[in-house]
Amino acid sequence: MVDSDVNREAAAGNAASQTAVTTARQLRLTLISSVVGTALEWYDFYLYGTAAALIFNHLFFPQLSPLSGTLAAFASYGVGFLVRPLGGLFWGDIGDKYGRRPVLIGTLVLMGVSTTAIGLLPGYGSIGFAAPLLLTLLRLLQGFGAGAAIMPAGPAWASAAAYCYPPRPSRWRSSCRRPVLSPGDGVSRFY
């Protein structure tokens, strides 16, 4: 009996150390994935801002004067920022119900698809007035997806940064609706 108790304790100790190693590895992988995903998400915004300043007035707003076209391009850039709180509220609620992982995947896919569609969008010369309308719609979707990364609207916070934190008990969930810094905020300080 003494030998079996010792064997059980040794097995329990090995299982606990194996779980700790697995948990540390998973946390490290999650952290790397979250930082890379958030950096790519914000790169989309910076790339769009540069394109809005340099070429979007010619591609999507050629009927306007150069100054008006540049202002219209920056207005299409700004709508992405206006819908971010709505995206945060929506994705935060989804995070409450289904967890952080589906939210992280959903927002990264939404950002990626929106950015790719903006890159493939034909200009005003090809499809006329539909080009600036589609551009604005895609920017709204892009901002809606990015809102999850910076607007922590629920206990899951719906952001890549929060995905790295351990889950909180249910009694804390309603008290966690406050802004926090995310990796995107840090990246934005460098540009």
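How many residues has H4, and how far does H4 reach from its first C-alpha to its last? H4 has 15 residues and reaches 20 Å, close to the 21 Å expected at 1.5 Å a residue. The expected span is 1.5 Å times one less than the number of residues in the helix.

This is a predicted model, in which local features need pLDDT of at least 70 and side-chain atom pairs count only at pLDDT 80 or more, while totals for chains, interfaces and linings use all residues. Residues are numbered from 1 along each chain as its sequence is written, and side-chain values use heavy atoms, with hydrogens and water left out.

**Overall make-up**

The protein has 9 helices and 0 strands. Helices (H or I, at least four residues) and strands (E, at least two) are DSSP runs, numbered from the N terminus. Of the 191 residues, 37% are buried. Buried means under 20% relative accessible area, exposed over 50%, and partly exposed in between, with a 1.4 Å probe and protein chains only. Among contacts with a separation of 6 or more, 72% join residues 24 or more positions apart. Contact means heavy atoms within 4.5 Å.

**Helix H4 and its partner**

In H4, the buried residues are Arg84, Gly87, Gly88, Trp91, Gly92 and Gly95. Seen down the axis of H4, they fall within an arc of 125°, so they line one face of the helix. The arc is taken from the directions from the helix axis to the C-beta atoms. On the other side of H4, Leu86 and Lys97 are exposed. Just after H4, Gly99 takes a positive phi of about 105°.

H4 (residues 84-98) packs against H5 (residues 100-120) at an angle of about 145°, with the axes 7 Å apart. Axes are lines fitted to C-alpha atoms, for helices over the stretch in contact, and angles run from 0 to 180 degrees between N-to-C directions. From H4, the contact uses Trp91, Ile94, Gly95 and Tyr98. From H5, Arg100, Pro102, Val103, Gly106, Thr107 and Leu110 take part. These residues divide into 6 nonpolar, 3 polar and 1 charged.

| Residue | Helix | Relative accessible area |
|---|---|---|
| Phe45 | H1 (residues 2-54) | 1% |
| Thr107 | H5 | 3% |
| Gln142 | H7 (residues 130-150) | 1% |

Thr107 is in contact with Trp91, Gly145 and Ala148, leaving aside neighbours within four places in sequence. A polar atom of the Thr107 side chain lies 3.1 Å from the backbone oxygen of Leu104.

Which residues does Phe45 contact, leaving aside its neighbours within four places in sequence? They are Tyr77, Gly80, Phe81, Met111, Arg139, Gln142, Gly143 and Ala146. Phe45 and Gly80 are 35 residues apart in sequence and 8.8 Å apart in space, C-alpha to C-alpha.

Gln142 touches Asp44, Phe45, Met111, Ser114, Thr115 and Ile118, not counting residues up to four places away in sequence.

**Helix H3**

H3 (residues 66-82) has 17 residues and reaches 24 Å from first C-alpha to last, close to the 24 Å expected at 1.5 Å a residue. Its buried residues are Gly69, Thr70, Ala72, Ala73, Ser76, Tyr77, Val79 and Gly80. Of these buried residues, Tyr77 and Gly80 are also contacts of Phe45.

Methods
Ala, Val, Leu, Ile, Met, Phe, Trp, Tyr, Cys and Pro count as nonpolar, Asp, Glu, Lys and Arg as charged, and the others, Gly among them, as polar. A polar contact is a pair of N or O atoms within 3.5 Å; within protein, one must be able to donate a hydrogen and the other to accept it, and residues adjacent in sequence count only if both atoms are side-chain atoms.
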